[in-house]
Amino acid sequence: MDAAFFRDWMTAAAAVVETQRDHLTQLDAAIGDADHGINMARGFGAVTVALEQKDAPTPGAVLTLAGSTLISKVGGASGPLYGMALRSAGKSLGDVPDADLAALAAALEAALAGVQKLGAAREGEKTMVDALAPAVSALAKALAEGAPADGALAALAAAAAEGAQATISMQALKGRASYLGPRSVGHEDPGAASMALILGALRDVAAQQAP
Amino acid sequence: MKKLINAPDTVVTDALAGVAAAHPSLAVDIENKVITRAGGPTPGKVGLVSGGGSGHEPLHGGFVGLGMLDAACPGEVFTSPVPDQMLAATKAVDGGAGVLHIVKNYTGDVLNFQMAAELAADEGIDVTSVVVNDDVAVQDSLYTAGRRGVGATVFVEKIAGALAERGAPLADVAAVATEVNERSRSFGVALTSCTIPAAGKPTFELGDNEIELGIGIHGEPGRRRAPLAPAAELAAAALDAIHADQPLTGDLLVMVNGMGGTPLIELYLLYNEVHKYLAGKGARITRNLVGNYITSLEMQGFSVTVCRMTDTLEQLWDAPVDTPALRWGR
């Protein structure tokens with residue numbers, strides 16, 4: 001997976017958050033302040049522009065540029081958290097011109113570590129971590145079992161989607177939803193939902209490019 | 001929902017252009033979204049920077065000026081601003097005596113201001129941050145993101161601003177800001193939700209006879225839903241919650257704040273109820289504000305903020321201030 005692959009992933013992520021912006025906004029209206037879809041669409045739109053206008057010759061550079069752009073454009077909690085996730089992943093990928101599945105898995109683990117360090121969320125607190133953490137585990141497991149890339153990424157995306165659904169029954173302990181306490185139960189977390197969409201885009205780009 | 005806008009995407013920039021045109025005392029960088037005093041930083045004075053989502057006007061841009069903020073960073077509606085803004089603001093207000101960041105306690109505000117403070121430190125600017133968390137509606141526990149920063153932000157900006165204007169050092173300005181935060185408590189009640197321009201419909205629905213108790217300032221639901229009641233009962237509900245957390249005694253600064261959609265006649269009516277309630281507790285209101293100071297677009301509702309005063313804090317409150325939203329003493 002070269003820089004072009006990672007650009008395609010970011011572009012696909014931008015497309016899916018744009019088509020799903022109203023849905024994400026609605027999720028955020030239920031337990032937040034109704035701006036998640038708007039913010040993510042704006043941020044990833046800016047990522048697409050930045051990737052067109054700026055040089056990012058390696059996978060690491062692509063994700064680092066995307067992360068920095070999100071920090072500068074999104075605001076809220078999502079900007080720093082998604083920004084940190086992508087910057088951490090980018091840093092993990094270093095300078096290599098091509099990343100294999102193991103390098104991608106390590107990068108996503110670094111993303112998770114970065115998010116958890118910044119936001120201090122653990123699994124079960126109804127956040128983006130509840131989509132990212134199971135996804136990282138599923139990818140590691142698939143890798144260990146010798147699954148091919150598209151199968152492994154399908155497992156990643158499926159685990160993220162399930163993780164996002166699992167947030168429905170959780171009570172929010174972090175972020176704006178936590179102000180609602182028990183009233184946050186019964187609603188999917190918007191950050192987990194957007195994370196599942198972004199990891200789904202990764203699976204889709206890999207599947208399209210499979211030989 | 002009818003709004004006086006041109007298009008949802010340009011609300012913030014169009015409004016900032018209006019602020020710039022209306023207030024020559026302000027320098028408004030519309031592209032970078034930073035509002036500063038037109039005269040620039042005061043050498044030797046601590047610079048005060050705050051910021052947050054747009055939609056709470058006059059907070060924070062309306063409080064930039066002599067005796068209060070040096071800079072405000074407006075984000076997108078109800079969205080924390082980004083580190084770039086706070087860094088630019090910090091550099092713009094640095095008079096060589098350090099900079100105070102006044103940060104409302106929301107995850108986004110805290111994270112973005114934290115990143116900005118680190119970047120500013122990298123550039124050699126001395127930054128101290130004070131987090132405002134006066135809202136009693138959220139039970140402060142390990143199980144939430146902590147108490148929200150609401151009305152006390154206005155008190156902190158005014159009182160810390162006054163001390164900074166006297167030339168006090170950064171540590172002292174930060175200390176008084178912290179003291180005001182610790183002496184202040186707030187509670188809000190909504191009669192309606194509000195509509196974010198880009199979302200097009202209210203963030204939550206309240207029935208004709210319903211109110212929301214313990215609201216924040218972003219249209220997010222609060223502690224619980226309840227039936228509409230007379231103003232006296234709503235004032236009592238708010239003040240009971242505050243009193244349970246921090247007993248209301250002595251000399252008080254009280255703000256009865258409109259959420260944006262409530263007429264002044266109702267805010268004064270509420271102030272009467274607040275005044276009677278506090279007299280009943282044996283407390284004395286020595287300073288007050290009644291009006292729209294920290295709003296939530298067109299939400300109908302109010303918040304009460306109470307600060308237990310000292311002589312020093314009263315002197316700082318009375319100190320001259322010259323901003324679009326607060327002006328006295330000159």
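Predicted model: local features only at pLDDT ≥ 70, side-chain atom pairs only at ≥ 80, totals over all residues.
1. Residues are numbered from 1 along each chain as its sequence is written, and chains are lettered from A and ligands numbered from 1 in the order in which they are written.

2. The contact (C-beta atoms, placed from the backbone, within 7 Å) draws 31 residues from chain B and 25 residues from chain A. On the chain B side, strand S4 (71-77), helix H2 (83-93) and helix H3 (107-122) are the elements that give two or more residues, with H3(B) supplying the largest share, 5 residues. Helices (H or I, at least four residues) and strands (E, at least two) are DSSP runs, numbered from the N terminus.

3. Chain B holds an open sheet of 6 strands in the order S1-S2-S4-S3-S5-S6, with mixed pairing, where two strands pair if DSSP finds at least two bridges between them. Strand S1 (26-29) and strand S6 (127-132) of chain B stand at the edges with a single partner strand each, so one side of each is left without a neighbour in the sheet.

4. Within this sheet, strand S3 (residues 47-54) and strand S5 (residues 99-104) of chain B pair in the parallel sense over 4 bridges, and Gly47(B) has Val99(B) in S5(B) as its bridge partner.

5. Helix H5 (residues 170-183) of chain B lies across S5 and S6 of chain B and runs at about 5 degrees to S6(B); axes are lines fitted to C-alpha atoms, for helices over the stretch in contact, and angles run from 0 to 180 degrees between N-to-C directions.

Terms used: Contact = placed C-beta atoms within 7 Å.
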